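Morning, everyone. I have one structure to walk you through. Please keep it on screen while I talk.

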Amino acid sequence: IFAQVKSGLLVIDQQNAFERIFYEKYLRELNNQVGISQTLLFPKTVTLSPIDYEISIEIIDMIRGIGFNVEEFGQNTYIINGVPTQFMDEDEGESFKKIIENFRINENNGNKKETLAKTLAKRLATKSAKVMVNAEISALINQLFETAMPAISPDGKATLNIIPLENLAELLLKA
């Protein structure tokens, strides 16, 4: 995304910007346990691998905190009764499995809440990548600058860069 600012040209990496925004959103939800769940008309049964099931036991309260309404249902199995609204357009069981699987892959013995927030942010940011209209771009820029660290993604990658006017002038003179 390119946007004009007083000092030059603002360049935003859309994927990394969405990751930063969603990471902070999920971290807040995990800390406050305020995730909103949309009840499913037909509950979904999902069976995990033994390894993923063990991991799910460790983080199930956090998963419930972001809006998944799940309960244990036998060996390595859960019943999903509700999901966060942002997962309504996906297969609920597959979404749940992928979150656990990606958490396992990304876990680095650090803070479990941060790892889960990063996992969810990456998943949702990938789904949000699209061509945007001006109103959406403005909203993204505003949301990004409302975060605690707008210049970097949760993984430490740059989300934005400002090319100063002087540098732009030099680039145009060289052309």
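Predicted model: local features only at pLDDT ≥ 70, side-chain atom pairs only at ≥ 80, totals over all residues.

Now the overall picture. The protein has 175 residues, and 42% of them are buried. Along its principal axes, the C-alpha trace spans about 70 × 35 × 30 Å. There are six helices and six strands. Read from the N terminus, their order is β-β-α-β-α-β-β-α-α-α-β-α.

Next, the sheet. Which strands form it, and in what order? It is an open sheet of three strands, ordered S3-S5-S4, and the pairing is antiparallel. Strand S3, residues 37–47, and strand S4, residues 69–72, are the edges, since each pairs on one side only. On average, neighbouring strands here are turned by 15 degrees against each other, ignoring direction.

Look at S3 and S5 together. S5 covers residues 77–84, and seven bridges join it to S3.

Most residues other than glycine have a negative phi. Is Asn76 buried or exposed? Buried: its relative accessible area is 15%, and the cut-off is under 20%.

On to the helix pairs. Two packed helices are described by the angle between their axes and the distance between the axes. Start with H3 and helix H4, residues 112–128. They pack at about 125 degrees, with axes 9 Å apart. Which residues make the contact? From H3, they are Ser95, Lys98, Ile99, Asn102, Phe103 and Asn106; from H4, they are Lys112, Thr115, Leu116, Thr119, Leu120 and Arg123. By type, the contact of H3 with H4 has four nonpolar, five polar and three charged residues.

H4 also meets helix H1, residues 14–32. The axes of H1 and H4 come within 7 Å and cross at roughly 135 degrees. That makes H1 oblique to H4. This crossing, too, is right-handed. The H1 side of the contact includes Phe18, Phe22, Tyr26 and Leu30, and the H4 side includes Leu116, Leu120, Ala121 and Leu124. How do the residues of the contact of H1 with H4 divide? Twelve are nonpolar, five polar and five charged. Note that Leu116 and Leu120 of H4 are also in the contact with H3.

Last stop: Ile141. This residue lies in helix H5, residues 134–145. Ile141 is buried, with a relative accessible area of 15%. What does Ile141 touch, leaving aside its neighbours within four places in sequence? Its contacts are Ala3 and Ile12. Now compare Glu170, 29 residues from Ile141 along the chain. The C-alpha atoms of Ile141 and Glu170 are separated by 27 Å.

That's my tour. Questions, please.

Definitions and conventions. Residues numbered from 1 in each chain as written. Heavy atoms only, no water. Pairing = 2+ DSSP bridges. Helix = DSSP H or I, 4+ residues; strand = E, 2+ residues; numbered from the N terminus. Axes fitted to C-alpha atoms, helices over the stretch in contact; angles between N-to-C directions. Contact = heavy atoms within 4.5 Å. Nonpolar A, V, L, I, M, F, W, Y, C, P; charged D, E, K, R; others polar. Buried < 20%, exposed > 50% of the residue type's maximum accessible area, 1.4 Å probe, protein only. Parallel < 35°, antiparallel > 145°, perpendicular 65-115°, else oblique. Left-handed = near helix turned anticlockwise from the far one by under 90°.
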